[in-house]
Amino acid sequence: MEVHHVTEAAETFTCNAFLVVGDRTTLVDAGAMDGIVDEIRTHTDELEAVVVTHQHADHVAHLETVRDAFDPDVYAYDDHPARTHAIDDGDTVRIGDADFEAVYTPGHADDHVSFVSDSALFSGDVVVHDDGAFDYGSFGRTDRAGQSRERLIESIRDLLERMPDGGSHEERGPSSRSNGHRPQEANASAASGADRARPAGVEHMYPGHGDIFHGDVRDVVQTALERAEKREPKYPDQ
């Protein structure tokens, strides 16, 4: 899967926006970075679809700008002036060259959906790899009006149930962030030939904030769940 982080160079606060090039070239979230249209055009002249994880401003500020530039289909859970297709829990959405299942994951936002395939997860803000509060498994903040830690915990549990499981972390070998740093939890032995023959499970995580992660995504999500279940403030000022 060819994925480009098109807001990586942003100097203002924005989500991670991911351009997935393939038979259905798709943008996952439009972000809030000025110049995103030009950045998309460095990789493709055509954008067929945009999928929205949720409608916080850092994820959709430039949605209409992208729509006006490329006239893509726009998929979102809640209504939006740019939306052309409503998505609901369990729907299948084509992103790049793969089919992804939409998983309704509220708690951080009432309209939040994540997208999971056999090998990849676009998690939005429900779970991230790292975000300044935690490394290797964090979760969306829930201290603002309309947010709910209890609902977020349910959503992470639902997401784990819907993710394909390809075996344990040890069977799949070490994990890494996109910047090449290896988390402490990733000290695993090499897989045997028999272990390598089984399906790998979800190995690529593209979160709404923080680093992209390649490795045992289920373990990262499970770690985020365990931290959320402590029900302690994520940040000291919560």
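Which residues of helix 7 are buried? In this predicted model, local features need pLDDT of at least 70, side-chain atom pairs count only at pLDDT 80 or more, and totals for chains, interfaces and linings use all residues. Residues are numbered from 1 along each chain as its sequence is written, and side-chain values use heavy atoms, with hydrogens and water left out.

The buried residues of helix 7 are V217, V220, V221, T223, A224, L225 and A228. Buried denotes under 20% relative accessible area, exposed over 50%, and partly exposed in between (1.4 Å probe, protein chains only). Helices (H or I, at least four residues) and strands (E, at least two) are DSSP runs, numbered from the N terminus. Helix 7 covers residues 217-229. Its 13 residues should span 18 Å at 1.5 Å a residue, and the end C-alpha atoms are 18 Å apart, so the two values agree. The expected span is 1.5 Å times one less than the number of residues. R231 follows helix 7 and has a positive phi, near 60°.

The buried residues of helix 7 pack against several elements. Among them are strand 10 (120-124), helix 4 (149-162), strand 14 (204-207) and strand 15 (213-214). Strand 11 and strand 12 also belong to this set.

The largest nonpolar core has 22 residues. Such a core is a set of buried Ala, Val, Leu, Ile, Met, Phe, Trp, Tyr and Cys residues joined through side-chain atoms within 4.5 Å. L121, V127, I156, V217 and V221 touch the most other members. Helix 4 and helix 7 are the elements that give two or more residues to this core. Helix 7 supplies the largest share, 6 residues. A second, separate core of 20 residues includes A17, I36, V37 and V60.

Contact means heavy atoms within 4.5 Å. With neighbours within four places in sequence left aside, L121 is in contact with S114, F115, V116, L159, V202, H204, M205, Y206, V217 and V221.

The loop between strand 11 (127-128) and strand 12 (138-139) holds H129. Y136 lies in the loop between strand 11 and strand 12 as well. H129 counts as buried because its relative accessibility is 0%. Y136 counts as buried because its relative accessibility is 1%. A polar contact is a pair of N or O atoms within 3.5 Å; within protein, one must be able to donate a hydrogen and the other to accept it, and residues adjacent in sequence count only if both atoms are side-chain atoms. The H129 side chain makes one with the side chain of D130 (2.7 Å). The Y136 side chain makes one with the side chain of D219 (2.6 Å). Y136 and V217 are 81 residues apart along the chain, and their C-alpha atoms are separated by 9.7 Å.

Strand 7 (residues 92-95) has alternating side chains. V93 and I95 point to one face and are buried. Strand 7 pairs with strand 8 (residues 98-104) in the antiparallel sense over 4 bridges. Pairing requires at least two bridges found by DSSP. V93 stands opposite F100 in strand 8. The two strands form a hairpin with 2 residues between them, and G96 in the turn has a positive phi of about 65°.

The chain contains 7 helices and 15 strands. Of its 238 residues, 50% count as buried. Among contacts with a separation of 6 or more, residues 24 or more positions apart account for 59%.
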